[in-house]
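User: I'm new to this one and would like a quick walk through it. Can we look at it together?
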Amino acid sequence: MTSLHADEAFLGHYQLSHDPFATRVPGFKFFPAQRKPVLGQLHHLARYSQLLLVVTGPHGSGKTLLRQALVASTNKQSVQSVVVSARGAGDASGVLRQVAQALNVAQPEMHPILSQVVQLALTGQEVYILVDDAEQLGESALEALLGLAAGTPEGRPHVFLFGEASIIDRLDQLCAETGTEEERFHVIELAPYTEEETREYLAQRLDGAGQGIEVFSAAQITDIHEQSGGWPGAINQVARDSMIEAMIASRSAVKRPSMGFKMPKKHVLALGGVVVAALLAAWLIPGRSTTPTTAPANSQAQLPLGQGQAPAQQSNNGGPAIEFAGNSQPMPLPLGGNSQPVMRGPLAEAAGSGEGDGEDGGAMSNQPLQPPTVTTTAPPAGAVASPAPTPAPRPAPTTTAKPATPAPASPVAKPAPAPTQVATAKPAPKPAEKPAAAAAGVGSGWYAGQAAAHYVVQILGTSSEATAQNYVKEQGGEYRYFKKSLQGKPLYVVTYGSFADRNAALAAIKALPEKVQAGKPWPRTVGSIQQELATAR
């Protein structure tokens, strides 16, 4: 599970020294219930039986742990144990090669290996050959192990196979093909724990991590036993899931009474900025639309020199300029044919000094003695504007002007270009769409849409979203990930598939690639993920 080993969050919540239900834990003690009698039976049969011994049970029944206990409990002075990996020994040559290498035999063949076994027996040493995951062996490998177990009259090794029940039919078929009616192997089937044994097993695991069985209620222990079927591997997974779900529920219950509206400070500041900008825009836009609508379309306002305030200030191209707070320079805002006056500084200074508004460079800078003219509305189509001292930036039409009618609805009633310009200058909503798209790719919506009782397989967790994205992209198919918070930091959790029950999820784990299985994936309910996503919000 890499960085997400047991989620690492509930260790502090339950004050555990380590994950009590991990595959390997410090100071683990062999749990004797249902397994100690089997261990004693294996030692007895190894001494007195000449048959190949087969230990069967489903995935998670404790076969590997029993094999480890068998090796650990043998006398190292009188027994040489050879552990064979079924994954690296699919055929007879693979099995013989591993056995020959462990016994220092030069030739990986049946006769030299058995000769070495006989020599070791003369010195008082027996040979145990133990094969884990034996159901993965090929037919030739099983046949070779049957031959080693038969041995020679002078001596033979003791062969132990640990695998699922499917291996029994294959061994029966091989024995039938040889035509011999004598028994060649003996089967020991592991049994699941009773509910009381499940409770004792949980107590031993928790005690090793610094806690007691009080962590679970009687109802939880019953539920763990029923869901796991009493098999120790499944007990570990279900018990850990139960602890994580209880932790999330308790944290949610603590947070639930707080009904106040809370928002991060940076969000409050951003919202305040939006409100201020909206108020400023609302104040500026109506200020430009106060032009009297009863004036004729081609009317002009004349002010005597040295009196009053200037109705407007011309920009470089003759259009009005608008000034924003915090900016000392006016911003030209061309309004087409619907120009409106904007109040600026005293006009008498410009006329009296004889220099005009030099910073704007308009017509007034060259005609200091002429009274300023401010156009309140654009002339209607076909009308001629009043003569100006200098040529206007836009050539006026030469047709004869007709008496203007009192402001029809067309130019005066639509001072809308100014808001259009302001809206164009703020393309803020589009950049805001990118984080939303990125968040949608996380896949939280998919988990919310699944049934809480369904299961997924948790593959790994990482603090880098790019790592999670690359992993999902590389694996493809039913891989996806979601974002959660762990100790205040973001954590991206990759999961696989969607299954109706726990057994289906466990079966899917066995079908995953070896590289994925190496990370020890485990099944968990969609409900626990939904709770984590709800807490993260």
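Analyst: What follows covers a sheet, the helices on it and some aromatic contacts, all taken from a predicted model.

User: Start with the sheet. What is the order of the four strands?
Analyst: The order is E11-E12-E10-E13 in an open sheet, and the pairing is antiparallel.

User: Which strands stand at the edges?
Analyst: Strand E11 (479-486) and strand E13 (522-525). Each has a single partner strand, so one side of each is left without a neighbour in the sheet.

User: And the twist, what does that average?
Analyst: From one strand to the next, the twist averages 45°.

User: How many bridges join E11 to E12?
Analyst: Eight bridges join E11 to strand E12 (residues 489-499), and the two run antiparallel. As one example, Lys 483 has Tyr 492 in E12 as its bridge partner.

User: Which strands does helix H17 lie across?
Analyst: Helix H17 (residues 465-475) lies across strand E10 (455-462), E11 and E12. The helix runs at about 160° to E11.

User: What about H18, which strands does that one touch?
Analyst: Helix H18 (residues 502-510) packs on the sheet and touches E10, E12 and E13. The direction of H18 makes about 150° with that of E13.

User: Changing topic: how many aromatic pairs does the structure hold?
Analyst: It holds eight aromatic pairs. One of them is Trp 446 with Tyr 447: the ring centres are 5.0 Å apart and the planes are at 90°, so the pair is edge-to-face.

User: Are those two buried or exposed?
Analyst: Tyr 447 is buried, at 0% relative accessibility. Trp 446 is partly exposed, with a relative accessible area of 25%.

User: Why is the pair of Tyr 496 and Phe 499 tilted?
Analyst: Their planes are at 45°, so the pair counts as tilted, with the ring centres 6.2 Å apart. Phe 499 is buried, with a relative accessible area of 15%.

User: Which residues form the aromatic cluster?
Analyst: Tyr 471, Tyr 479, Tyr 496 and Phe 499 form one cluster.

User: Back to Trp 446. Which charged end sits over its ring?
Analyst: That of Arg 480, 3.7 Å from the centre of the Trp 446 ring.

User: And what sits over the ring of Trp 522?
Analyst: The charged end of Arg 240 sits there, 4.0 Å from the ring centre. Trp 522 also belongs to strand E13 (522-525), which stands at an edge of the sheet.

Note on methods:
Residues are numbered from 1 along each chain as its sequence is written. This is a predicted model: local features need pLDDT of at least 70, side-chain atom pairs count only at pLDDT 80 or more; totals for chains, interfaces and linings use all residues. Side-chain values use heavy atoms; hydrogens and water are left out. Rings of Phe, Tyr and Trp (its six-membered ring) pair if their centres lie within 6.5 Å; planes under 30 degrees apart count as stacked, over 60 as edge-to-face and the rest as tilted. Buried means under 20% relative accessible area, exposed over 50%, partly exposed in between (1.4 Å probe, protein chains only). A charge sits over a ring if NZ of Lys or CZ of Arg is within 6 Å of the ring centre and within 35 degrees of the ring normal. Two strands pair if DSSP finds at least two bridges between them. Axes are lines fitted to C-alpha atoms, for helices over the stretch in contact, and angles run from 0 to 180 degrees between N-to-C directions. Contact means heavy atoms within 4.5 Å.
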